[in-house]
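Welcome! Please open the model in your viewer and get ready to pick out a few pieces, one after another.

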Amino acid sequence: ARTRGMSHQIAVIPGDGIGQEVTPAAIDVLDALEVDFEFREGEAGDRVAEETGDPLPEATIELARESDATLFGAAGERAADIILPLREVVGSYANVRPAKAYPGLEAVKPETDLVFIRENTQGVYAQIESQLTDDLATLTRVVTREASRKIAEYGFEYAEEHGYDNVTIAHKANVMQETDGLFLEAAEAVAEERGADYDTELMDALAMKLVMYPEDYDVIITPNLAGDVLSDLAAGLVGGLGLLPSANVGDDNALFEPVHGSAPDIAGQGVANPSAMILSAAMMLDHLDYDDEATRVTDAVETVLAEGPHTPDLGGDASTEAFTAAVIEQL
Ligand code: ATP
Ligand code: MG
């Protein structure tokens, strides 16, 4: 992996709707730092699909492939045709979803500060489904030792680098004895080799405990489907999808995107909250070993969220630009 101090090429794909507004905001924040990034913009989304019939042009795929990392804004109607291939282009095996409540904002559980490390390539999302007859459909669940070890290694490494004490491995190995049995065995072997402490939780019990005691958790390593569901549950604990960033991490490439979509209801008005996108850019800084810069950006967003100004989704009347300017001011 390329690290701090080297020049990085970053693919920037704003996409549709408010992606066009929050992506430039994140670039402005990155420009305010002393980092050696070369940004190259690629097209994707409904607009380019209307012109060419293709929501994800080959040139954009190439751009993402050649870059060290990709910042992605949002996609509208054709989201699945854009983001799924792009995640594949970066070879993403880990989906990283922090769920953190911010001081001063409403949250069901203000004490929540945790990170999901979700296996992103297999499980029931391997798309091996068959309709055998009119009345019978089946699905094959794929789990390999290699992919399970890989996600566990990433999770334990992430916890160590970020100073998190608690690592939880989520599973349902009591029922899915072969598949989740293998996932759990592989993940526990990684923990033991590293001499790392960890807990295991059945994913259904974990859903309940997350609602009741989210403060007990830091890093949660999960199979694909469980991570999808539990990370949305945790989003609910911190006040919804609006402020949440995410990363899709591969071996030597990664894609960073807000959890929210293109928000067509407010697009074009200049009032979208750029927090999730700016925090996604902070995750990119962290991934590229700009740890101090990542912390500075995260702290600046946190301060502005606490003190204002706020965009309309948080009850204020600040524009995207005004919010972004306040973040840069904090930097
Ligand atoms: P898509 O089909 O692209 O997912 P959507 O209609 O599902 O679009 P989302 O982007 O998922 O919309 O957002 C759901 C709601 O949250 C919308 O009302 C939207 O305005 C609001 N929202 C989402 N992101 C933001 C943001 N960054 N700032 C302000 N409001 C937002
Ligand atoms: Mg949506």
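Here is a short tour of a predicted model, going from an annotated domain to a pair of strands and then to a ligand.

**Stop 1: the annotated span.** Select residues 9-327. An unreviewed UniProt entry annotates this stretch as "domain: Isopropylmalate dehydrogenase-like". Colour the span by secondary structure: 42% of it is helix and 20% is strand.

Stop 2: Next, select residues 8-15, which form strand β1, and residues 37-41, which form strand β2. Do they run parallel or antiparallel? They pair in the parallel sense, over five bridges. For one place where they face each other, click on A11, which stands opposite R40 in β2.

**Stop 3: around ligand 1.** Now select ligand 1 and show its surroundings. Which residues surround it? Among them are I18, H260, G261, S262, P264, N273 and D313. By class, this shell has six nonpolar, four polar and two charged residues.

- D265: a polar side-chain atom lies 2.7 Å from an oxygen atom of ligand 1.
- A263: a polar backbone atom is 3.1 Å from an oxygen atom of the ligand.
- A75: here too a polar backbone atom takes part, 3.3 Å from a ligand oxygen atom.

Taken alone, the ligand exposes 600 Å², and the protein buries 60% of that.

Methods:
Residues are numbered from 1 along each chain as its sequence is written. Chains are lettered from A and ligands numbered from 1 in the order in which they are written. This is a predicted model: local features need pLDDT of at least 70, side-chain atom pairs count only at pLDDT 80 or more; totals for chains, interfaces and linings use all residues. Side-chain values use heavy atoms; hydrogens and water are left out. UniProt positions are given in the numbering used here, feature names are shortened, and annotations may be inferred rather than shown by experiment. Helices (H or I, at least four residues) and strands (E, at least two) are DSSP runs, numbered from the N terminus. Two strands pair if DSSP finds at least two bridges between them. A residue is near a molecule or strand if one of its heavy atoms lies within 4 Å of it. A polar contact is a pair of N or O atoms within 3.5 Å; within protein, one must be able to donate a hydrogen and the other to accept it, and residues adjacent in sequence count only if both atoms are side-chain atoms. Accessible areas come from the Shrake-Rupley method with a 1.4 Å probe; for residues, only the protein chains shown count as cover. Ala, Val, Leu, Ile, Met, Phe, Trp, Tyr, Cys and Pro count as nonpolar, Asp, Glu, Lys and Arg as charged, and the others, Gly among them, as polar.
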